[in-house]
Amino acid sequence: MSRLEIISPEGLRVDGRRPLELRRVNSRTAVLSQADGSAYIEQGNTKCLAAVYGPREPTKRAALLHDRALINVEYSVASFSSGERKQKLRRDRRLMEIASTIKRTFENVILTTTFPRSEIDIYLQVLQIDGGALHTAINAATLALVDAGIPMTDYVCACSAGYVNNQAILDLNYLEESAEIPTLTVALLPKSGKITMLGLESRLHLDKLEPVIQLASDGCKQLKENIDATIRESTKSLAKTILQ
Amino acid sequence: MDASVVSAAQMPDYGDDMAVDNESDDGNTHIVTPGEVVTRDTAFMRGHGTYTEDDALVASMAGVVDRVNKLISVRPLRTRYNGEIGDVVVGRITEVGPRRWKVDINARQDAVLLLSSVNLPGGVQRRKTESDELQMRSFFGEGDMLSAEVQAFFQDGAASLHTRSIKYGKLRNGSLVIVPSALVKRTKSHFATLPCGVDVILGLNGYIWVAKHVAISPEIVNQPDALYHNENEPISDAERQTIARVCSSIVALSRHNNFINDTMIVYTFEASMGHPVKDMLKPDICQQIVLAARAQFREASLQ
């Protein structure tokens with residue numbers, strides 16, 4: 001089996017990054033006119049679009065909660081998102097699992113008790129995948145929720161990290177993810193450093209867990225600066241026009 | 001960022017009671033983002049959009065800081081409609097239930113319109129009988145538009161509406177424009193008749209009803225079926241064009257995040273006269289007419 005060289009002798013990765021470097025992040029809010037809040041984010045070549053509707057009247061009366069808002073997450077991956085065109089399954093188990101992970105991530109952060117008997121819908125569409133689709137989707141959802149004016153205790157920032165050649169590497173791309181590198185995804189609240197989601201789908205030695213979590217958390221904190229700058233920028237420009 | 005590290009320079013001075021509420025040191029509005037500490041002074045009360053965490057007042061939304069005496073709140077600039085008692089709203093019936101209608105008013109829950117808070121044909125002060133209950137759908141059916149006033153709030157935050165005035169009731173002869181609710185400001189009157197002969201109801205929930213002007217006479221209350229019939233008056237092509245132009249003017253204003261009131265609509269309407277209605281919302285023309293309307297508004301307010 002020919003193994004791809006993940007880190008070159010010069011210490012560079014396949015896409016030219018250093019092990020502890022994030023990919024370029026580019027984000028925007030208020031990209032859709034119909035949604036209450038929306039956002040678009042690019043992390044390297046991974047692109048995700050998020051739309052948030054609500055808080056609004058629940059569509060299913062049976063699901064209504066009397067003391068807090070119901071959160072609904074729909075996660076989908078465009079059939080043109082990866083190298084090979086995929087026929088979309090109607091109810092893909094894998095996608096539903098990711099959606100429920102994202103839902104649980106945000107349930108603790110959104111102040112749902114301020115909206116009893118309401119529903120908040122988060123629609124996530126991954127447009128292009130180059131590794132790290134889950135954490136990109138979480139970051140997109142955070143941006144869209146803030147854009148929709150939904151109260152949250154803090155941002156939720158997510159990032160992935162892996163471990164290869166005795167070294168932790170940050171924000172894996174598709175080539176690295178598919179090279180059997182254990183990949184850990186962390187979503188945390190940057191202010192308190194509390195972790196709301198931690199996902200690892202392959203085996204990683206227990207001794208290596210700590211440094212990998214640490215690296216992913218540092219990545220989240222870097223991303224927070226980026227997300228915060230986008231939000232500040234859009235709020236400022238809205239304030240300029242609305243409060244003239 | 002550690003929550004405890006908030007430099008004094010980046011926070012406006014809330015200590016002075018006389019300080020202008022949302023002006024920060026650099027003269028701009030004070031913008032906060034979720035998780036940001038607004039103040040550590042325990043003398044303040046927390047308002048909407050904030051929560052407390054170890055004595056610190058922390059923002060839970062991105063928006064501008066509003067201060068009223070000792071109450072600090074964060075006002076988001078894009079959010080769903082938050083009603084207040086007395087607000088004029090435009091809504092759509094979503095459900096007919098036992099002695100009540102559910103009305104979509106773009107809020108976080110559908111509002112409730114009780115059968116006892118509508119005027120029924122044949123006398124204002126008439127008791128609601130069982131037969132009224134059975135024919136509720138003949139007054140308002142699903143999908144009907146109506147204008148109403150917010151009368152009260154239920155425990156869970158849902159609004160209760162009433163249409164007990166000749167001003168309110170079923171809407172006909174026009175079309176609905178939806179804009180962000182933040183763009184419609186509270187004014188003395190939300191009912192306007194524009195010089196072009198079009199009635200506009202500026203719902204504070206961001207639903208705006210644009211309709212052909214129809215004079216309402218007080219006698220209408222006593223005519224059975226006049227209040228709740230579903231037939232439009234005959235509307236000529238020219239009137240349709242005018243309504244469409246007013247609708248597009250409102251959409252143009254909302255695309256540029258401009259506040260919406262009757263004067264602003266008139267200015268935009270006038271600025272658009274050089275263009276056919278179907279071209280009004282092309283990005284360049286849209287921007288041009290909004291800028292022209294803004295200039296005229298500024299000019300008028302200087303006089």
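**Close-up views of a predicted two-chain model**

**Figure 1. Salt bridge between D67(A) and R68(A).** In chain A, D67(A) and R68(A) are linked by a salt bridge, with their closest N and O atoms 3.8 Å apart. The model shown here and in the views that follow is predicted. R68(A) has a relative accessible area of 33% and is therefore partly exposed. By the rule applied here, 26 salt bridges are counted over all chains.

Figure 2. A salt bridge connects the side chains of R117(A) and D156(B), at 3.2 Å from N to O. This pair joins two chains, because R117(A) belongs to the loop between α1 (93–107) and β5 (119–128) of chain A, whereas D156(B) belongs to the loop between β11 (145–153) and β12 (159–162) of chain B. R117(A) is classed as partly exposed, its relative accessibility being 27%. In chain A, salt bridges with shared partners gather R13(A), D15(A), R17(A), R23(A), D130(A), D171(A) and E176(A) into one network.

**Figure 3. Salt bridge between K102(B) and E57(A).** The closest N and O atoms of K102(B) and E57(A) are 4.0 Å apart, and the two residues form a salt bridge. K102(B) is part of strand β9 of chain B and E57(A) is part of the loop between β3 (46–56) and β4 (70–77) of chain A, so this pair joins two chains. K102(B) has a relative accessibility of 17% and counts as buried. E57(A) is also buried, with a relative accessible area of 17%; the cut-off for a buried residue is under 20%.

Figure 4. Strand β8 (residues 88–97) and strand β9 (residues 100–104) of chain B pair in the antiparallel sense through five bridges. G97(B) has R100(B) in β9(B) as its bridge partner. Two residues separate β8(B) from β9(B) in this hairpin, and R99(B) in the turn has a positive phi of about 55 degrees. On its way to strand β10 (residues 111–114) of chain B, the chain forms a further hairpin, in which six residues lie between β9(B) and β10(B). N106(B) in that turn has a positive phi of about 65 degrees. β9(B) and β10(B) run antiparallel and are joined by four bridges. R100(B) lies opposite L114(B) in β10(B).

**Figure 5. Strand β6 of chain A and its two antiparallel partners.** Strand β6 (residues 157–164) of chain A is mostly covered, with eight of its eight residues buried. On one side the buried residues are C157(A), C159(A), A161(A) and Y163(A), and on the other they are A158(A), S160(A), G162(A) and V164(A), so that both faces of β6(A) are covered. β6(A) pairs with strand β8 (residues 183–189) of chain A in the antiparallel sense over six bridges, and A161(A) has L184(A) in β8(A) as its bridge partner. Strand β7 (residues 167–170) of chain A also runs antiparallel to β6(A), to which four bridges join it. G162(A) stands opposite I169(A) in β7(A). The hairpin of β6(A) and β7(A) has two residues between its strands, and N165(A) in the turn has a positive phi of about 50 degrees. UniProt, in an unreviewed entry, places the feature "domain: Exoribonuclease phosphorolytic" at residues 21–151 and 154–218 of chain A. Over residues 154–218 the chain is 26% helix and 40% strand, with 16 Å between the end C-alpha atoms.

**Figure 6. Domains of chain B and a nonpolar surface patch.** Chain B is divided into domain 1 (4–12 + 82–302) and domain 2 (33–76). The centres of domain 1 and domain 2 of chain B, taken over C-alpha atoms, are separated by 33 Å. M45(B), V68(B) and L71(B) make up a nonpolar patch on the surface, and together have about 270 Å² of accessible area. L71(B) lies in strand β7 (residues 71–76) of chain B. With a relative accessible area of 33%, L71(B) is partly exposed.

Figure 7. An unreviewed UniProt entry places the feature "domain: K Homology" at residues 174–214 of chain B. Over these residues the chain is 0% helix and 49% strand, and its end C-alpha atoms are 11 Å apart. V214(B) is located in the loop between β17 (207–212) and α3 (237–255) of chain B. Its relative accessibility is 27%, so V214(B) counts as partly exposed. V214(B) and G197(B) are 17 residues apart along the chain, and their C-alpha atoms are separated by 9.1 Å.

Terms used: Residues are numbered from 1 along each chain as its sequence is written. Chains are lettered from A and ligands numbered from 1 in the order in which they are written. This is a predicted model: local features need pLDDT of at least 70, side-chain atom pairs count only at pLDDT 80 or more; totals for chains, interfaces and linings use all residues. Side-chain values use heavy atoms; hydrogens and water are left out. UniProt positions are given in the numbering used here, feature names are shortened, and annotations may be inferred rather than shown by experiment. Two strands pair if DSSP finds at least two bridges between them. Domain bounds come from an automatic or database domain assignment. Patches are made of residues with over 30% relative accessible area and no salt bridge: like charges are joined within 9 Å, nonpolar side chains (Val, Leu, Ile, Met, Phe, Trp, Tyr) within 5 Å. Accessible areas come from the Shrake-Rupley method with a 1.4 Å probe; for residues, only the protein chains shown count as cover. Buried means under 20% relative accessible area, exposed over 50%, partly exposed in between (1.4 Å probe, protein chains only).
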